[in-house]
Amino acid sequence: LKIGLTQPQSQKSQPVVVVELLIEIRSSPTARWVRESLELENRLQVGDFVDAQDSARQWYEAIVREVAPDTVKVHYFGWGSKWDAILPRRRGAAEGKLKSKS
């Protein structure tokens, strides 16, 4: 759903604000969200190529080596295995983060 807000004539020189909303409905308060299985954190598999953010907040290309319920072990390309990192699967859970390479 995309909503464009109309501005009064006196504010026409300012940019138009566009708000994008995703509305999802579930059958009960305890039911899983329909889109949950589509989230990156829930699709990761060993061998996936990702961009991974290290503890210094730098992004590097990496490959997923291990997947656990709450964490993912990645190997950064061009770096020795001593620099492999265990990162949280959930965004914002800690310092390290992942992005899909697709």
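The legends below describe close-up views of an aromatic pair, an aromatic cluster and a pocket in a predicted model.

In this predicted model, local features need pLDDT of at least 70 and side-chain atom pairs count only at pLDDT 80 or more, whereas totals for chains, interfaces and linings use all residues. Residues are numbered from 1 along each chain as its sequence is written, and side-chain values use heavy atoms, with hydrogens and water left out.

**View A. The aromatic pair Y60 and Y76**. Rings of Phe, Tyr and Trp (its six-membered ring) pair if their centres lie within 6.5 Å; planes under 30 degrees apart are stacked, over 60 edge-to-face, and the rest tilted. The count is 4 aromatic pairs. Y60 and Y76 are edge-to-face, at 5.8 Å centre to centre with 70° between the planes. Y60 belongs to strand β4 (residues 59-67) and Y76 to strand β5 (residues 71-76), 16 residues apart; strands are DSSP runs (E, at least two residues) numbered from the N terminus.

**View B. The aromatic cluster and the accessibility of its tyrosines Y60 and Y76**. Y60, Y76, W79 and W83 form one cluster. Y60 is partly exposed at 27% relative accessible area, whereas Y76 is buried at 5% (buried, under 20%; exposed, over 50%; partly exposed, in between; 1.4 Å probe, protein chains only).

**View C. The lining of the largest pocket**. D54, S55, Y60, Y76, W79, W83, A85, I86 and L87 line the largest pocket. Strand β6 (residues 85-88) gives the most to this lining, with 3 residues. A pocket is an open set of points on a 1 Å grid over the protein atoms alone where a 1.4 Å probe fits, with protein on both sides within 12 Å along at least five of seven lines; lining residues have an atom within 4 Å of a point.

Key: Helix = DSSP H or I, 4+ residues; strand = E, 2+ residues; numbered from the N terminus.
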